[in-house]
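Here is a friendly walk through one protein model, with its pockets and its sheet in view. Have the sequence and the structure open as you read.

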Amino acid sequence: MAANKVAYLSLLYMTLGLVLVATVSADPDLLQDVCVADLSSGVKVNGFTCKENISAEDFFFAGLAKPGLTNNTFGSLVTAANVQKIPGLNTLGVSMSRIDYAPGGLNPPHTHPRATEMVFVLEGQLDVGFITTANVLISKTIKVGETFVFPKGLVHFQKNNGQVSAAVIAAFNSQLPGTQSIAATLFAAQPPVPDHVLTKAFQVGTKEVRKIKSRFAPKN
């Protein structure tokens with residue numbers, strides 16, 4: 001009798017544990033084949049509401065076929081293929097980007113708060129790296145046909161130190177990974193981050209902080 005009671009209690013605790021784990025950590029499976037994003041809807045949910053009438057165009061995007069223009073300050077351009085460009089990605093948990101780099105071009109230090117990133121080199125070669133929370137730089141030079149992974153949320157970068165253009169395709173495990181460029185986040189935020197915060201954080205004077213902020217200010 002005692003043995004049965006112990007077995008019953010063990011089964012009960014195991015069941016409760018499984019329910020708790022499922023409730024806290026598991027992503028629910030889709031309850032329909034697709035949920036194409038209604039980008040015009042004013043309803044706010046974690047993702048986008050589903051639209052009623054769908055077509056093949058909701059699952060198609062040609063924007064990664066051609067190199068992006070890199071004649072800008074950093075000499076690089078990111079062309080995103082996320083749910084905002086491909087509504088059919090809604091609820092599917094994946095997206096891509098193409099990143100093009102001029103010779104000397106940089107995709108400056110940034111993070112993706114909602115996704116891990118994996119890049120595949122299409123052309124050229126890149127010096128890439130990420131920084132761990134222990135402040136350790138993990139870096140490597142990658143060339144055509146090679147891949148590199150940037151873990152979710154960690155600061156990372158890519159730099160083309162070659163004499164020719166470079167390009168990668170990036171894959172993400174989120175329909176909308178989000179991007180925070182470190183320099184722009186700190187020096188171009190609106191309302192602005194107070195100068196005294198930045199002078200203390202970077203151990204520089206107010207003059208230097210304001211000079212950097214002026215370089216990130218919108219061009220008239």
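The lining of the second largest pocket divides into three nonpolar, seven polar and one charged residues. This is a predicted model, and in it that pocket holds about 350 Å³ of space. Its lining is made up of Asn46, Gly47, Phe48, Asn90, Thr91, Leu92, Gly93, Arg114, Ser174, Gln175 and Leu176.

Now for the largest pocket, which holds about 400 Å³ of space. Of the 23 residues that line it, Val78, Asn107, His110, His112 and Thr179 are the closest to its centre. The table sets the two linings side by side.

| Pocket | Volume | Lining by class |
|---|---|---|
| Largest | about 400 Å³ | twelve nonpolar, ten polar, one charged |

Which strand gives the most to the lining of the largest pocket? That is β2, with four residues. At least two residues each come from β1, β2, β3 (106-111), β9 (166-172) and β10 (180-181).

Some of these strands also belong to a sheet. Five strands form an open sheet, with antiparallel pairing, in the order β1-β2-β9-β4-β7. β1 (76-81) and β7 (147-150) stand at the edges and have a single partner strand each, so one side of each is left without a neighbour in the sheet. From one strand to the next, the twist averages 20 degrees.

Six bridges join β1 to β2 (residues 95-101), and the two run antiparallel. Serine 76 has tyrosine 101, in β2, as its bridge partner.

Note on methods
Residues are numbered from 1 along each chain as its sequence is written. This is a predicted model: local features need pLDDT of at least 70, side-chain atom pairs count only at pLDDT 80 or more; totals for chains, interfaces and linings use all residues. Side-chain values use heavy atoms; hydrogens and water are left out. Two strands pair if DSSP finds at least two bridges between them. Axes are lines fitted to C-alpha atoms, for helices over the stretch in contact, and angles run from 0 to 180 degrees between N-to-C directions. On a 1 Å grid over the protein atoms alone, a cavity is a set of points where a 1.4 Å probe fits but cannot get out, and a pocket is an open set with protein on both sides within 12 Å along at least five of seven lines; lining residues have an atom within 4 Å of a point. Grid points are joined across faces, edges and corners, and a volume is the space filled by probe spheres set on the points. Ala, Val, Leu, Ile, Met, Phe, Trp, Tyr, Cys and Pro count as nonpolar, Asp, Glu, Lys and Arg as charged, and the others, Gly among them, as polar.
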